[in-house]
Amino acid sequence: MTDAGADLVILGGGSGGYAAAFRAAELGLSVTLIEKDKLGGTCLHRGCIPTKALLHAAEVADSAREGEQFGVKTTLEGIDIAGVNKYKDQIISRLYKGLQGLAKAHKVNLVEGTGSYVSGTTVEVDGQRHTGKNLLLATGSYSRTLPGLELGGRIIASEDALSLDYIPEKVVVLGGGVIGVEFASVWASFGVDVTIVEALPRLVPNEDEFASKQLERAFRRRKITFKTGVKFTGAKQDDNGISVSLETGETIEADLLLVAVGRGPNTAGHGYEEAGVRMERGFVLTDDRLRTNVPNVYAVGDIVPGLQLAHRGFAQGIFVAEEIAGLEPRVIDESGIPRVTYSHPEVASVGLTEAAAKDKYGSGVTTFTYDLAGNGKSQILKTAGAVKLVKAPDGPVVGLHLVGDRVGELIGEAQLIYNWEAFPEDVAPLIHAHPTQTEALGEAHLALAGKPLHVHS
């Protein structure tokens, strides 16, 4: 049988898929959304949301442990992991029910099952074919591992780490990117002995080098061990633990090995390549309007080369819906997408790193770094960190990089500055409420505009 009634058929109900579905429905288009698991995808059920719930529980644990420094007599009796998981799962459940309600309200035709791309704009699910005037591929990503390193037993991926019903004593985290440092941060707050192994020279290697140094300094203070510029060579596990080997000849004994070496595009077995979709290293290639080489077939999210972020997929989903509806939306600037690592301290950025800016603009790039030691609210929170601005020669601010507790909440203003193509002189006159951490952005722009106040000139 073939269902040929939809303006848009979407394969994948994660952030990109459901955003496209809801926006297309708002614009009067009929939508069929195919999802093999649960609406909301990895981000809601096995990624962003549960991870950040654990990170908040970790923050509460740190607050209880360190209450005396604020004059509050608190003690940390321990971590009730069952209680933490209940808290986490309740958040997921509420958000999931909300998404289901929105899908119903938008009259989206939800189809449960594993879809395979057939050809043209047709997808098959359990023998039923769904053909739309347009097709959107949005099948997300999976946790990668290394060649020869098989997941299982004491070797776990992030999805497994989210469902642990106990707190290990010692963990090795393989990978010092976003996922790795977030889980390392959680476990350290829960009292776990953590060692991060990263093959590249620094933690969060995709961020500005300034941010890596700030995070590494903070992790040393927290007694989180990390070994950078060192390659993993093997792991052996038994009933008593796991032994992790490094190229230096060093061996680390632990209870678990978390493999956090990134995520791969979930495209294998979906029929994309067989149907003629242009691919590269498993990714679906698109133009800047997210069109594949097949007419009326689009792709969004983690299967498209670029940042693997839920909010990127969300924005791309909205873009495709508006593109199909003829609204001619503005092309998404990948550099203008905010990035946040929710460790303790947080790392947030938007725009170009200093190195990328120099590659693009040459040696005339200027920078300014404002230390949070001069920010009243940061001192109240007892967080160290800084704000770094990167400015193009005779041009606007092209990069903003922040490190410190809660700086992820500042990235909204930072992305406005970048996407506005603001000069320091444009931001300097803006009044920031006192005392807030947003003042750090204001002070940095004041300094770069030539009128520093709470900084040594």
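In which crossing, left-handed or right-handed, does H3 pass H4? The first legend takes up this question for a predicted model.

**View 1. Helices H3 and H4 pack at an angle of about 140 degrees.** The axes of the two helices lie 9 Å apart. Angles over 145 degrees would count as roughly antiparallel; H3 and H4 are therefore oblique to each other. H3 passes H4 in a right-handed crossing. In general, two packed helices are described by the angle between their axes and the distance between the axes.

**View 2. Residues of H3 meet residues of H4.** From H3, the contact involves Ile49, Pro50, Ala53, Leu54, His56 and Ala57. Their partners in H4 are Val84, Tyr87, Lys88, Ile91, Ile92 and Leu95. By class, the residues of this contact comprise 10 nonpolar, 1 polar and 1 charged.

**View 3. The largest nonpolar core holds 36 residues.** Val173, Trp187, Val194, Ile196, Phe219 and Leu258 touch the most other members. Among the elements that give two or more residues to this core are helix H3 (48-65), helix H4 (81-105), helix H6 (178-189), strand E9 (170-174) and strand E10 (193-198). H6 supplies the largest share, 6 residues. In soluble globular proteins, nonpolar side chains tend to be buried together.

**View 4. Valine 194 touches several residues beyond four places away in sequence.** These contacts are Val171, Val173, Ala184, Trp187, Ala188, Ile224 and Thr225.

**View 5. A second, separate core contains 27 residues.** Its members include Leu29, Ala103, Val108 and Tyr298.

Note on methods: Residues are numbered from 1 along each chain as its sequence is written. This is a predicted model: local features need pLDDT of at least 70, side-chain atom pairs count only at pLDDT 80 or more; totals for chains, interfaces and linings use all residues. Side-chain values use heavy atoms; hydrogens and water are left out. A nonpolar core is a set of buried Ala, Val, Leu, Ile, Met, Phe, Trp, Tyr and Cys residues joined through side-chain atoms within 4.5 Å. Buried means under 20% relative accessible area, exposed over 50%, partly exposed in between (1.4 Å probe, protein chains only). Helices (H or I, at least four residues) and strands (E, at least two) are DSSP runs, numbered from the N terminus. Contact means heavy atoms within 4.5 Å. Axes are lines fitted to C-alpha atoms, for helices over the stretch in contact, and angles run from 0 to 180 degrees between N-to-C directions. Angles under 35 degrees count as roughly parallel, over 145 as roughly antiparallel, 65 to 115 as roughly perpendicular and the rest as oblique. A crossing is left-handed if the near helix is turned anticlockwise from the far one by less than a right angle, and right-handed if clockwise. Ala, Val, Leu, Ile, Met, Phe, Trp, Tyr, Cys and Pro count as nonpolar, Asp, Glu, Lys and Arg as charged, and the others, Gly among them, as polar.
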